[in-house]
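Subject: Structure for your review

Dear colleague,

Please find below the structure that I am handing over to you. My findings follow directly after it.

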Amino acid sequence: MNRIKRYLKIYGDRDRTARQVVPQGYRGPVTQAEYEGTDSYNDNGVILFEDDLRVVIATGLDTPSANVKTGDMVQVWILHRTLSPLGAIRTGRDNVICGSCPHRGIRRLKANGRYGVVGRRCYVEVDKAATGIWRCYRRGRYRHATASQYESLFGGRYVRFGAYGDPVYIPLDMVASIAAVAKGWTGYTHQWLDSAYVEYRRFFMASVDNDVESFTATAQGWRYFRVRATSDLTVFTNEIRCPASAEGGNLTTCDHCRLCSGSTGDMEGRKSITIIDHSRIAKSQPLISITPLAATA
Ligand code: SF4
């Protein structure tokens with residue numbers, strides 16, 4: 001089956017009207033030959049999970065992450081399996097890895113007859129590490145990891161679930177197994193309103209963008225991570241400022257702090273976290289433009 005037929009089999013022909021039958025960046029599923037055909041595996045990462053649409057990859061196994069805020073954490077990426085990160089964004093197919101996150105922006109038909117994404121304010125620079133990892137995966141350079149290897153891969157390490165993509169798309173039992181052997185972890189989800197993912201509150205923070213969402217998340221048993229507009233100085237009594245932020249005094253990094261690890265079954269005395277918007281476009285697109293609880297899929 002050629003790649004156009006493979007694409008149409010997965011997605012149908014909805015994009016014909018947009019003249020994007022096969023989006024730029026689309027590659028068919030990785031073949032067994034690609035997996036087996038390389039003699040130069042990249043041992044800095046492993047494939048944890050794949051289905052028709054997504055692949056979950058852990059990196060930073062050999063080389064420490066260069067992320068100055070998180071410190072040395074194994075980074076877990078949730079990527080579109082067949083579309084490059086940029087291709088997924090351009091076509092709106094990033095909904096399969098980002099769900100209803102309002103920071104994805106909205107895909108609109110523009111005056112020139114082409115679709116474009118407006119209002120995107122995700123802080124991840126997807127054309128960098130995420131794209132490099134996806135390309136490495138597409139070349140078949142990552143091995144698959146099994147549950148029996150979690151101890152050797154994650155034992156004594158700190159894990160960041162969701163370096164890009166929403167970690168509720170990692171199977172729950174896989175998250176639990178990795179968390180059981182890891183020294184600590186962090187994770188954030190924008191899908192916390194969806195009851196299908198309620199069990200993930202043991203491990204992840206609800207990502208909230210305004211007061212209403214923070215009250216709702218608390219009422220539903222989630223600890224949360226609230227991003228505030230630059231002008232918003234309010235810190236609620238159930239919150240503390242992220243200690244790795246400038247307003248929190250740049251006291252630490254996530255690998256040492258690890259407060260963003262969900263409720264782990266006991267909310268008592270555990271504060272939620274707040275931070276002033278530190279995204280690249282905080283000034284050009286202030287947080288106030290985010291629609292509360294918006295579903296942009
Ligand atoms: S509160 Fe701690 S774990 Fe959460 S983002 Fe800040 S430094 Fe990282």
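Leaving aside residues up to four places away in sequence, Ile 78 touches Arg 54, Val 56, Ile 97, Gly 162, Tyr 164, Gly 165, Asp 166, Pro 167, Tyr 169 and Ile 170. Please keep in mind that the model is a predicted one.

Ile 78 is also among the residues that touch the most other members of the largest nonpolar core, which has 57 residues. As general background, nonpolar side chains tend to be buried together in soluble globular proteins.

Seven of the seven residues of β3 (residues 74-80) are buried, so the strand is largely enclosed by the rest of the structure.

Strand β3 has partners in the sheet. Strand β2 (residues 54-59) runs antiparallel to β3 and is joined to it by six bridges, with Ala 58 standing opposite Val 76. Strand β7 (residues 158-164) runs parallel to β3 and is joined to it by four bridges; here Gln 75 stands opposite Arg 160.

These strands belong to an open sheet of ten strands with mixed pairing, in the order β6-β1-β2-β3-β7-β8-β9-β10-β12-β11. The edges are β6 (143-144) and β11 (239-241), each with a single partner strand, so one side of each lacks a neighbour in the sheet. Further along, β10 (residues 224-228) and β12 (residues 272-276) pair in the parallel sense over four bridges, and Arg 228 stands opposite Ile 276.

Helix α5 (residues 129-138) has the buried residues Ala 130, Ile 133, Trp 134 and Tyr 137. They cover an arc of only 100° around the axis, which means that they are on the same side of α5. Their cover includes β1 (45-50), β2, β3, α3 (85-91) and β7. After α5 comes Gly 140, with a positive phi near 75°.

Finally, there is a ligand. The residues surrounding it include Thr 186, Cys 242, Cys 254, Cys 257, Arg 258 and Cys 260. The shell around the ligand divides into eight nonpolar residues, two polar and one charged.

Yours sincerely

Note on methods: Residues are numbered from 1 along each chain as its sequence is written. This is a predicted model: local features need pLDDT of at least 70, side-chain atom pairs count only at pLDDT 80 or more; totals for chains, interfaces and linings use all residues. A residue is buried if 20 or more other C-beta atoms lie within 10 Å of its own, exposed if 12 or fewer, and partly exposed in between; C-beta atoms are placed from the backbone. Helices (H or I, at least four residues) and strands (E, at least two) are DSSP runs, numbered from the N terminus. Two strands pair if DSSP finds at least two bridges between them. A residue is near a molecule or strand if its C-beta atom, placed from the backbone, lies within 6 Å of it. Ala, Val, Leu, Ile, Met, Phe, Trp, Tyr, Cys and Pro count as nonpolar, Asp, Glu, Lys and Arg as charged, and the others, Gly among them, as polar. A nonpolar core is a set of buried Ala, Val, Leu, Ile, Met, Phe, Trp, Tyr and Cys residues joined through C-beta atoms within 7 Å. Two residues are in contact if their C-beta atoms, placed from the backbone, lie within 7 Å. The arc is that of the directions from the helix axis to the C-beta atoms.
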